[in-house]
Amino acid sequence: MANIYDIRRYGTFAFMAVAILLAACFLAVSNSIVGDLASQERQRMELWAEATKSIIGTSAEDAGNEAQSQQYINFLLHIIEDNRSIPVILADDKGDIILHRNFDLPEPLDSLNPLYISERNAEFLSKKLKSLASQKQNIIPIEIGDGITQHLYYQDSRLLQRLNYFPYVQMLIMVVFVSVVYFAVMSTKKAEQNKVWVGLSKETAHQLGTPISSLMAWMELLEQMDVGAEVVEEMNKDVVRLSTIASRFGKIGSKPKMETTDADVVVQSAVSYMKTRISQRIKLVYVLPPAVELPLKAQLSDSLFQWVLENLIKNAVDAMDADGAITVVAGRDERAGRIFIEVTDTGKGLPKKRFKTIFKPGYTTKKRGWGLGLALAKRIVEQYHGGRIFVKWSEPDRGTTFRIELPSL
């Protein structure tokens, strides 16, 4: 069963790797398209610059033969006027603006005098010119002649700017969509697991009820048959224990009755019970909290919380080869306002990557284990008692410390 979680973890890594690879391919294709469009806009601006240069040259050479050059000039003007998407500024060597097109100016142009530039528009174009001048790749020099050079500054069109952001927006939408689907699937899966937990627990309690009732009747018969009192008493303890176990299973899935209880008393009870049921070669010690911290009041379901502690102690026993030590410590964390219980063993320990996996249903390191003990413990502590349980410390071949934290009253 342990391999299921290894496969799931590796599967997650593989999925993430494939997702990153697909995203990289998507960005590469998008960047290629953007690059092609940027190259086309550059060619259009070079043609625009050449047309501007040709108009000036034609005006100078053919000033006396206007009829012959008019058709050619009209063609060049058509090229210039055809640019309705790429913002451009034509300026001289001194930085004085000669012409501008396709900018969203703060003030509308005067339709009667379109060449007039208001103070606000002039300030806007001046800032825009400085910004474009810093982008060397978007500047085209125009050699007019006689050492005179004009400069064409252009900005990416709105379409190109949107395309630059489009892949990232689309990826963000994909991430949000996948996240919503993932959490929806996980919530559904968790709800199904909860139904299985509840159904299994209720059915177990129901199945145990009949033989326990029968055993109780047999106990009364044994007393009437003059069987030794000690034998009957020990058998009665086991029957009572079975009844307690059935009661615990019956409480899974329904909200247990919570009472204000001294956690110190509950911990002592669980440790005392387990001391007589583990090997004498394993030393089980409960370190009493300082008197200043007592009482450790909390809202508890006594039987369920004892079940958690018994599970932790049993796991600690299983983690040791016949002998070792288990130390249980309780106390109060004043700053966090919480009660804590720690169970430390000197067993095999755990690698850090297993700290969370061991609480998953079905995960076990035992040959005959079901992997349900710690999963039940986590459910009882977190869902019923509003606390948390986690591996505080562990090192292979040195031991492990489990820590439970509960809200303090």
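With which residue does Glu405 form a salt bridge? I looked it up in this predicted model: the partner is Arg338, and the closest N and O atoms are 3.5 Å apart.

I then checked where the two residues sit. For burial, I noted Glu405 as buried, with a relative accessible area of 10%. Arg338 is partly exposed, at 22%; I logged it that way because buried means under 20%.

Next entry: Glu342 and Arg403. Their side chains meet in a salt bridge, with 2.4 Å from N to O. This pair also links distant parts of the chain, with Glu342 in strand S9 and Arg403 in strand S11, 61 residues apart. I found Glu342 buried at 11% relative accessible area, and Arg403 counts as buried at 10%.

I followed the shared partners from there. Salt bridges join Arg338, Glu342, Arg388, Lys392, Arg403 and Glu405 into one network.

Is Glu334 buried or exposed? I have it as exposed, with a relative accessible area of 58%. Glu334 forms a salt bridge with Arg332, where the closest N and O atoms are 3.9 Å apart. I kept this pair because the cut-off for a salt bridge is within 4 Å. Arg332 itself is buried, at 15%.

For the record, my search of the whole structure gives 14 salt bridges.

I turned to the nonpolar cores. How many residues are in the largest one? I get 47, and the members that touch the most others are Leu284, Phe305, Leu312, Ile326, Val328, Ile341 and Ile404. Helix H7 (residues 302–318) supplies the largest share of this core, nine residues.

I listed the contacts of Val328, leaving aside its neighbours within four places in sequence. Val328 is in contact with Val267, Val271, Leu284, Val285, Tyr286, Val287, Ile341, Glu342 and Val343.

Last entry: another core lies apart from the largest one. I count ten residues in it, including Ala49, Ile86, Leu90 and Leu152.

Methods. Residues are numbered from 1 along each chain as its sequence is written. This is a predicted model: local features need pLDDT of at least 70, side-chain atom pairs count only at pLDDT 80 or more; totals for chains, interfaces and linings use all residues. Side-chain values use heavy atoms; hydrogens and water are left out. Buried means under 20% relative accessible area, exposed over 50%, partly exposed in between (1.4 Å probe, protein chains only). Helices (H or I, at least four residues) and strands (E, at least two) are DSSP runs, numbered from the N terminus. A nonpolar core is a set of buried Ala, Val, Leu, Ile, Met, Phe, Trp, Tyr and Cys residues joined through side-chain atoms within 4.5 Å. Contact means heavy atoms within 4.5 Å.
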